[in-house]
Amino acid sequence: MEKKIRVLLAKPGLDGHDRGVKVIAAAMRDAGLEVIYLGLRQTPEMVVEAAVQEDVDAVGLSILSGAHMTLFPQTVELLKQKRAGHIILFGGGIIPQEDMDKLEKLGVGKLFGPGTTTGEIIEYIKSATKGRRKEEAIF
Amino acid sequence: MAEKSFLDEVKKERRQWEEKHSTKNNNKDKKFTTISGMEIKNLYTPIDTADINYFRDINFPGEYPYTRGIRPTMYRGRMWTMRQFSGFATPRLTNERYKFLLERGQTGLSVAYDMPTLMGYDSDHPFSKGEVGICGVAVDSLKDMEILFDGISLKDISTSMTINGPAPIIFAFYVACAEKQKASLQNLRGTCQTDILKEYMAQKEWIFPPQPSMRLIVDMMKFCTQHMPKYNYVSISGYHIREAGSTAVQELAFTLADGFAYVEAGLKAGLEIDEFAPRLSFFFNSHLDFFEEIAKFRAARRIWARHMRERYKARKPESWLLRFHTQTAGVSLTAQQPENNIIRTAFEALAAVLGGTQSLHTNSMDETWALPTEKAAQIALRTQQLIAYETGVANTVDPLGGSYFIESLTNKMEQEAEKYFEEIDKRGGVIKCLEEGYFQKEIAQAAYRYQQELEKKEKIIVGINEFVVENEKIDMPILKIDESTEKEQLDSIKKVKEMRDNDKVKRALEDLKKAAGNSENTVPHLIECAKCYATEGEITEVLKSVFGEYQEPAWF
């Protein structure tokens, strides 16, 4: 039986604008993914701890406050420290293209800006996690 | 209104008109809906306004129930206040922007604070890292407030502040600053947003749980009613509810329900309604569906007047008046083809004016990318001035009054809002609904529904799902907040803490803690703390130790 893709979504930092992340959570749920929504005002530590505990395939961060160059790198570091480097880190918000490029070089997955459809994001998660889940099936 | 025989004739003629043209009508079975999903008919006629009693339901401007406007002359007597929401980086830079906007013709100030300030954190708090001055101006103490308003006479210009969780604290900074400028509190004009109920619903910028938050608001209500009769101590807001994804009716209903909750809080505290109601003010969104917005504003005035007079038995007309500020819908703007945003904002501003707003902020075209540049902010301000002085719409009061469509839609908005009031009452009131996530879930569902409509192309956004430009090159300057901002603020706080009388601060904070723990009004104590340069963060910590912190269940 196909194992469901597990995604953790969260809003790190002080930004409280959660319309987008909640719409994505609902769309993912309706598309058959298992969604854990941590909510607002999470620290990177809280996010990574939950991600490891919940054994998720992907973590999505929503940041509209401009603090992405602080919060994403911190999250990458913590995932590495917890040997959770197999988890896809993705996200969205208000992130200039040049910052998206910088974060990609650090190991962050795809970042989605305004105007993205939920379909696009779900497609990306499905294809990005495909390779990973194959490894699990081997055991 | 009209005679029965006339109405029967209109009914008959309309039926014949429909039949005559039905074969040529391509979209006969298609549903046309507003952006909120409200169905709109092909045509409105005297039939749709047949049950309206002009004197009972519409009446003259400045007369109950104020459907046509709160003043008899409206913009002929006084133009709406052009009040651009503004703030970024340091108080010094924001002070320059305020002077620029005033010089370009804005007539009121509106302060936008950064995320740390909005959440009660000082710039040097660990949670503030990377967030100082990015979404608004950083204010940590009275010193920052003094720089913010340096060379700006607070007694001469009304000032609005968007602050909610720590509203009483920042309000205290403002009052202390005004007193330093030798402005008399009795004449100080302005608004503090303070509306914590919509924070739990939508904007999510809270600190304390609902009960202590309401107590702080009642403290402000009592203080202002006594000492600041020209000051709006709360701006009951729908803007954020709408931005979070609600429909127009939900925005209308949830905002007014919050208003009723504040009224009830004031009454419960033993205040006379006519003492505190006149300075309750409102703040609405103006979204892109033109007529839906105009009907919403007109319905808002009528609903509030009716409830205040009939339900709450307020006797002064000033207590029945719904006075409001409007901001054009940020959420309607696109990152793609940003110049289109100038036009979207213009339509939304026009709707607000035709809806009778008292004060207006127009968004800048680049706000989907960053805070506004000077040039974009100027265009936004000019948008209002063009409406005011070139279009002629301000020449007469409520120009759309009497339109079959507008009056019918106004009625519909009121009816739908009343259904929500019943539902909220049935569920135990606003606070109960907040605790159970009723509003939050309604809003999230409406947001999700709209997104699905967009993805199915049932709703169109130019440049997003239609009229898209592939590989578009954005040719527009983007405001960047200098990296030195955070360091500048950190140095500033250090200096403030060195120069102030730290014993005085300690005592003031202790007195505040005592007052917060019993039923004393905290506001005079907050002002004392402000005056001796206690920082926002220090004051917040004291209040947190008494009131606790709010945690939200993660509904979606």
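1. The axes of helix 1 (residues 19–30) of chain A and helix 18 (residues 438–455) of chain B come within 9 Å of each other and cross at roughly 70°. Axes here are lines fitted to C-alpha atoms, for helices over the stretch in contact, with angles running from 0 to 180 degrees between N-to-C directions. The two helices, helix 1 of chain A and helix 18 of chain B, are therefore roughly perpendicular (65 to 115 degrees). Helices (H or I, at least four residues) and strands (E, at least two) are DSSP runs, numbered from the N terminus.

2. The model is predicted: local features need pLDDT of at least 70 and side-chain atom pairs count only at pLDDT 80 or more, while totals for chains, interfaces and linings use all residues. Residues are numbered from 1 along each chain as its sequence is written, and chains are lettered from A and ligands numbered from 1 in the order in which they are written.

3. At this crossing, A:Arg19, A:Lys22, A:Val23 and A:Ala26 of helix 1 of chain A meet B:Ala444, B:Ala447, B:Tyr448 and B:Gln451 of helix 18 of chain B; contact requires C-beta atoms, placed from the backbone, within 7 Å. These residues comprise 5 nonpolar, 1 polar and 2 charged. Ala, Val, Leu, Ile, Met, Phe, Trp, Tyr, Cys and Pro count as nonpolar, Asp, Glu, Lys and Arg as charged, and the others, Gly among them, as polar.

4. Across the interface, 25 residues of chain A are in contact with 27 residues of chain B. Helix 1 of chain A gives the largest share of the chain A side, 5 residues. By class, that side has 10 nonpolar, 11 polar and 4 charged residues.

5. Chain A contains 5 helices and 5 strands, in the order β-α-β-α-β-α-β-α-β-α from the N terminus. Buried residues account for 49% of its 139 residues; a residue is buried if 20 or more other C-beta atoms, placed from the backbone, lie within 10 Å of its own.

6. In chain B, 7 of the 7 residues of strand 7 (residues 280–286) are buried, so this strand is largely enclosed by the rest of the structure. B:Leu280, B:Phe282, B:Phe284 and B:Ser286 point one way, and B:Ser281, B:Phe283 and B:Asn285 the other.

7. Strand 7 of chain B runs parallel to strand 6 (residues 234–237) of chain B, joined by 4 bridges; strands pair if DSSP finds at least two bridges between them. B:Ile236 has B:Phe282 as its bridge partner. Strand 8 (residues 324–328) of chain B also pairs with strand 7 of chain B in the parallel sense, over 5 bridges, with B:Phe284 opposite B:Thr326.

Note on methods: Angles under 35 degrees count as roughly parallel, over 145 as roughly antiparallel, 65 to 115 as roughly perpendicular and the rest as oblique. Two residues are in contact if their C-beta atoms, placed from the backbone, lie within 7 Å. A residue is buried if 20 or more other C-beta atoms lie within 10 Å of its own, exposed if 12 or fewer, and partly exposed in between; C-beta atoms are placed from the backbone.
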